[in-house]
Amino acid sequence: MDGVGVSAEITASELPSQWPWGIFAGLEESLRLLEGLPLTVRAMREGTLFRARSRQGIPVPVMCIEGAYASFSIYETPLLGFLCQSSGVATMSARYRRAAGDRRLLSFGIRRAHPAIAPMIDRSSFIGGCDAVSSVIGGRTIGHPPEGTMPHAEVLLFGDSRRAFDAYSRSVPPGVKKIALVDTFADEKSEAVAAAETIPDLYAVRLDTPRSRRGSFPSIISEVRWELDARGFADVRIFVSGGLREEELPQLARAGADGFGVGTAISNAPVIDYALDIVNVGGRSYAKRGKYSGAKSVFRCPSCMEFDVLHAGNEVPACPSCGSREENILHTLIDGGRRTAAAESPDAIRERVLAELGRLP
Ligand SMILES: [Zn+2]
């Protein structure tokens, strides 16, 4: 069967939790897996915003593979593994990015996952829109130094917040932004003022207030902002963390939060349930029940961000809603086993995500 040529495509018939869109991620690892095989691979560029189904309800292929089935069949499982989990994390990160607006968003979630996948989680969080990651290997993966804050452990070991702030201030290497935790022993308001008074170049305070003490978290934040301002510390920012839900972020931002540390929600994002299906065997289009046979062209309206899936070879259509000329969204990235372009940097992919989020109606 080695010589049997097929066309196969990867689609997600639906997205988790009825998400209206997803972010396609995990492409770079997939291309490294497939390059060198006798295949042609068309795919969306990494970081592309996609929908599970076209306007007509047809599942939208994110990747199409053509070539001898036997050459890639053994890679189906790792290929889907790369795409499913990376895309889930990148999509959740992008959802938090939208909710956070222009506030800083830090990815803190690797401690909730197996260390073997920390680089994937941090890279996918970053390209999805987080501003920074917290692991050394994640920082190396994305090409930006990791960011973090002082831990509660330090305050507990010193037994006194001011002494801990002072030791932290003197031990942080030059150039690292100093962010003091202000919820360990006393009220956030008094600890924030103490941190600002103790650390001359304090960048931010971080409120990781336990749920049992929160009452109104927005009120605590606005009170801290007020007291810092009253004492001449208007340039000290306020970061918040601790099981933040996506829908809470806008209200916390209005109350004065300048940044958010998000952990489990992003690192433990649901996977996107892509499947790989054969749609053509030996030049004959057919597919299993429930799937659409044949090679396809995939177009997206740049204004509506809606998709049209057509039989391969169709002309680029005009959007039926707004009349814009649609864009061909699948690019030939491996041609006869050879990659057609250099790998994109995490920064470039992240810029694509931010630009496409900005185009969502
Ligand atoms: Zn349109």
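These legends accompany close-up views of a predicted model. Local features here need pLDDT of at least 70 and side-chain atom pairs count only at pLDDT 80 or more, while totals for chains, interfaces and linings use all residues. Residues are numbered from 1 along each chain as its sequence is written.

**View 1. Helices H7 and H8 cross.** Here you can follow H7 (residues 161-171) and H8 (residues 188-198), whose axes come within 9 Å and cross at roughly 40°. Helices are DSSP runs of H or I with at least four residues, numbered from the N terminus. Axes are lines fitted to C-alpha atoms over the stretch in contact, and angles run from 0 to 180 degrees between N-to-C directions. H7 and H8 are therefore oblique to each other, a class left over once angles under 35 degrees (roughly parallel), over 145 (roughly antiparallel) and 65 to 115 (roughly perpendicular) are set aside.

**View 2. Residues where H7 meets H8.** From H7, Ser161, Arg162, Phe165, Asp166 and Ser169 meet Glu191, Ala194, Ala195 and Thr198 of H8; contact requires C-beta atoms, placed from the backbone, within 7 Å. These residues divide into three nonpolar, three polar and three charged. Ala, Val, Leu, Ile, Met, Phe, Trp, Tyr, Cys and Pro count as nonpolar, Asp, Glu, Lys and Arg as charged, and the others, Gly among them, as polar.

View 3. An automatic or database assignment sets the domain bounds: domain 1 spans 5-87 + 270-358, and domain 2 spans 103-267. Their C-alpha centres lie 37 Å apart. Domain 1 brings 12 residues to the contact and domain 2 brings nine.

How values were computed: Helix = DSSP H or I, 4+ residues; strand = E, 2+ residues; numbered from the N terminus. Contact = placed C-beta atoms within 7 Å.
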